[in-house]
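Trainee: I've got a model open and I'd like to talk it through with you. Shall we start with the terms and then go piece by piece?

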Amino acid sequence: MTRFGLIGYPVGHSYSQNFFTKKFKKLKLKDHVYDLFEMEFLNEFPALWLKHSDLHGLNVTVPHKEKVVKYLDKQDASAIKVGAANVIYKTGGQLIGYNTDYMAFRESLKAWIGDGFKGEALILGSGGASKAVQAGLTDLDIPYNQVSRTNKGGDYTYDQIKANPEIITRFKLIVNTTPLGMYPNNESIPDLPYNQIKKGTYFYDLIYNPEETAFMKEGKKYGAEIKNGLEMLELQAERSWDIWNS
Ligand SMILES: NC(=O)c1ccc[n+]([C@@H]2O[C@H](COP(=O)([O-])OP(=O)(O)OC[C@H]3O[C@@H](n4cnc5c(N)ncnc54)[C@H](OP(=O)(O)O)[C@@H]3O)[C@@H](O)[C@H]2O)c1
């Protein structure tokens with residue numbers, strides 16, 4: 001068996017398992033399998049590789065993307081740049097970490113806003129996905145500020161922006177990397193003065209379920225261009241497959 005899989009906690013209803021199972025079927029790879037490995041604590045990571053000698057690669061999801069790197073033999077430049085790995089490839093007896101979230105965000109954003117984009121970005125949230133977004137924006141030479149619930153995590157808190165709503169008019173691109181609005185909490189939304197949004201601002205939500213989040217709906221109401229995280233998700237999965245076949 002040629003085994004791949006996803007580690008995280010929780011991993012139920014995973015997009016990745018569906019994606020790779022369909023891909024293996026399409027490519028007639030009957031001996032390939034993609035498993036969900038629910039792993040609450042990362043100290044179970046070495047035992048997983050010992051248990052499955054046929055394991056070739058893993059995707060990594062919440063909450064392990066940052067801490068998993070200390071279990072790896074090597075990190076690709078993408079994982080070093082982000083400080084987190086969401087793909088692991090076992091090759092030549094070594095475990096190598098990559099970050100395909102970062103590549104996928106960069107590619108999907110570039111295709112969406114085009115080469116001529118000029119302006120600043122505002123990133124909502126300071127977790128693992130935020131770090132991938134920061135690396136992507138840096139590559140594209142797009143300056144950014146971050147919003148966090150606390151003073152520690154960013155340049156602004158939501159309360160500061162609400163107290164000075166004109167701050168938000170400076171940003172041409174707003175990227176939601178928080179889980180607010182994700183199924184089943186479809187109604188939740190980052191706390192921002194949306195009525196200040198200028199027409200034509202780009203609203204990128206990393207969430208893909210629901211297809212149109214409350215954040216996107218509110219942006220649309222004030223004339224923003226909107227995009228969800230589905231393309232990023234598909235691109236990161238395709239890049240994982242490229243890595244495992246390299
Ligand atoms: N489309 C894709 O391919 C893709 C890839 C990766 C992630 N994602 C999505 O991105 C989202 C975040 O993932 P992640 O791995 O970065 O998660 P994470 O590490 O838990 O970070 C999320 C960040 O959002 C902020 N946050 C959390 N709960 C919040 C709340 N109740 N109110 C306001 N802010 C809150 C926090 O930042 P502060 O503490 O600074 O406020 C936190 O660090 C998830 O919805 C995930 O599905 C999508």
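Predicted model: local features only at pLDDT ≥ 70, side-chain atom pairs only at ≥ 80, totals over all residues.

Trainee: Which residues of helix 8 are buried, and where do they sit around the axis?

Mentor: Helix 8 covers residues 230-244. Its buried residues are M232, L233, Q236, R239, S240 and W244. They span an arc of only 135 degrees around the axis, so they sit on the same side of helix 8.

Trainee: What covers the buried residues of helix 8?

Mentor: Both strands and helices take part in the cover. Among them are strand 1 (2-8), strand 3 (55-60), strand 5 (87-91), helix 1 (15-26) and helix 4 (100-113).

Trainee: How far does helix 8 reach from its first C-alpha to its last?

Mentor: Helix 8 has 15 residues, and at 1.5 Å a residue you'd expect 21 Å. The model comes close to that, with a reach of 21 Å.

Trainee: Is M39 buried or exposed?

Mentor: Start with where it is: M39 lies in the loop between strand 2 (32-38) and helix 2 (45-51). Leaving out residues up to four places away in sequence, M39 touches I7, G8, Y9, E44 and F45. There are 23 other C-beta atoms within 10 Å, and the cut-off is 20 or more, so M39 is buried.

Trainee: What separates the C-alpha atoms of M39 and P63?

Mentor: Along the chain, M39 and P63 are 24 residues apart.

Trainee: Which elements give two or more residues to the shell around the ligand?

Mentor: There are 24 residues around the ligand, and G125, G127, A129, S148 and G229 come nearest. The elements that give two or more residues to that shell are helix 5 (128-139) and helix 8.

Trainee: And how does that shell divide by class?

Mentor: Charged residues make up two of the shell around the ligand. The others are 10 nonpolar and 12 polar.

Trainee: Last one: how many residues of domain 2 are in contact with domain 1?

Mentor: The chain is divided into domain 1 (2-98) and domain 2 (102-231), and their centres, taken over C-alpha atoms, are 28 Å apart. Domain 1 brings seven residues to the contact, and domain 2 brings six.

Conventions: Residues numbered from 1 in each chain as written. Helix = DSSP H or I, 4+ residues; strand = E, 2+ residues; numbered from the N terminus. Expected span 1.5 Å × (residues − 1). Buried ≥ 20, exposed ≤ 12 C-beta atoms within 10 Å, placed from the backbone. Arc of directions from axis to C-beta. Contact = placed C-beta atoms within 7 Å. Domains from an automatic or database assignment. Near = placed C-beta within 6 Å. Nonpolar A, V, L, I, M, F, W, Y, C, P; charged D, E, K, R; others polar.
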